[in-house]
Amino acid sequence: MEIGFLGLGVMGEPMAHSLVRSGVRLHVWNRSPAAPARLAAAGAVVADDPAGVFDRAETVLLMLADEAALDAVLARGTPRFAARVAGHTVVHMGTTAPAHSRDLAADVGAAGGRYVEAPVSGSRGPAEAGTLVAMLAGEEDALPVARTALGPMCAQIVDCGPVPGALLMKFAVNLFLITMVTGLAEAVHFADRHGLDPLRLLAVLDAGPMASAVSRTKAAKLVDRDFAVQAAIADVLKNNRLIAEAARDARIASPLLDVCHALFAETLALGHGGLDMAAVVTAIEARSRCESRFR
């Protein structure tokens with residue numbers, strides 16, 4: 001099976017490596033050359049441009065940053081768009097606005113292609129281990145091809161109905177993730193300011209009913225001040241914004257998410273956009289310093 005993969009960032013590169021290890025003949029492209037070079041050494045074929053990937057693979061996975069990047073690699077809005085997507089299954093794995101995805105699905109279908117949403121739950125660690133959870137949305141006849149392509153990267157694949165059901169499901173999952181990690185950061189900061197033993201805090205959390213892979217990973221990062229990126233502050237803030245917009249569109253209150261949005265924006269303003277989302281603790285620490293000054 002020959003598959004294309006566009007977008008080899010923090011998540012995309014390890015996902016692509018999982019495909020190569022599975023024996024897939026993988027065609028890749030990325031704006032910067034370092035990741036494609038590493039994948040070429042592992043056995044992937046590097047294309048000169050996005051068109052080269054579409055020329056060689058009927059199924060193309062897109063793990064791109066935003067709507068503009070998606071439209072650019074597909075040449076959407078130009079005469080080249082129809083020729084690029086016709087006869088292809090386009091699998092959108094990134095996190096973008098649901099309305100954009102719905103419109104893109106219609107355009108791909110009108111051009112003679114098939115479109116599948118397949119956002120994933122999990123950060124760099126699960127991407128490296130091939131244990132992501134994918135959420136699928138699209139026409140029934142397009143889903144089997146997408147499932148086959150996603151298999152080497154995922155521990156589970158969940159059907160979510162028509163587009164944009166998968167993105168909305170991802171938003172619900174990420175709402176929980178964002179508020180959980182922010183609450184964990186505040187708890188670790190609270191314990192630290194009270195002089196509590198951080199290792200005992202980790203022991204209590206790990207032994208209790210709230211323990212999870214996320215709590216174990218992020219709590220350890222917070223205690224060790226290890227902010228090496230798994231899910232970057234800038235990306236989490238973008239996700240937060242998209243979820244909040246979807247909530248507003250549906251007239252849904254999102255009070256916890258709104259607080260998190262402010263904290264992640266403050267963390268970005270502190271210059272930490274490229275750090276892991278656990279670095280949101282730096283915004284909480286900054287607020288504590290302000291509290292201390294005004295008392």
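**Briefing on the predicted model**

Among contacts in the protein chain between residues at least 6 apart in sequence, 65% join residues at least 24 apart. The structure is a predicted model. The protein chain contains 14 helices and nine strands. Its radius of gyration is 20 Å, close to the 19 Å that the globule rule gives for 295 residues, so the chain is as compact as a globular protein of that length.

**Overall dimensions and surface**

- Taken along the principal axes, the C-alpha atoms of the protein chain fill a box of roughly 65 × 45 × 35 Å.
- Of the 295 residues in the protein chain, 49% are buried.
- The accessible surface of the protein chain comes to about 13700 Å², and carbon and sulfur atoms account for 58% of that surface.

**Nonpolar cores**

- In soluble globular proteins, nonpolar side chains tend to be buried together.
- The largest nonpolar core here has 32 residues, and those with the most contacts inside it are Phe5, Met15, Leu26, Leu61, Met93 and Met153.
- Two or more residues of this core come from each of strand E1 (2–6), helix H1 (12–21), strand E2 (25–29), helix H2 (34–42), strand E8 (132–138) and helix H8 (143–150).
- Another core, of 31 residues, lies apart from the largest one; Ala231, Met277, Ala279 and Val280 are among its members.
- Not counting residues up to four places away in sequence, Leu26 touches Ile3, Gly4, Phe5, Ala16, Leu19, Val20, Ala44 and Val45.

**Helix H4**

- Helix H4 spans residues 67–74, and its buried residues are Ala69, Leu70, Val73 and Leu74.
- Seen down the axis of H4, these buried residues fall within an arc of 125°, so they line one face of the helix.
- An α-helix has 3.6 residues a turn, so residues three or four places apart point the same way.
- Ala68 and Ala72, on the other side of H4, are exposed.
- At the start of H4, a side-chain oxygen of Asp66 comes to within 3.3 Å of the backbone nitrogen of Ala68.

**Thr267**

- Thr267 is part of helix H13, which covers residues 255–269.
- With a relative accessible area of 0%, Thr267 is buried.
- Leaving aside neighbours within four places in sequence, Thr267 is in contact with Ile233, His272, Ala279, Val280, Thr282 and Ala283.

Key:
Residues numbered from 1 in each chain as written. Predicted model: local features only at pLDDT ≥ 70, side-chain atom pairs only at ≥ 80, totals over all residues. Heavy atoms only, no water. Helix = DSSP H or I, 4+ residues; strand = E, 2+ residues; numbered from the N terminus. Buried < 20%, exposed > 50% of the residue type's maximum accessible area, 1.4 Å probe, protein only. Contact = heavy atoms within 4.5 Å. Core = buried A, V, L, I, M, F, W, Y, C linked by side-chain atoms within 4.5 Å. Arc of directions from axis to C-beta. Polar contact = N/O pair within 3.5 Å; in protein donor to acceptor, adjacent residues only side chain to side chain. Rg over C-alpha atoms; globule rule 2.2 N^0.38 Å. Areas by Shrake-Rupley, 256 points an atom, 1.4 Å probe, with all protein chains shown as cover.
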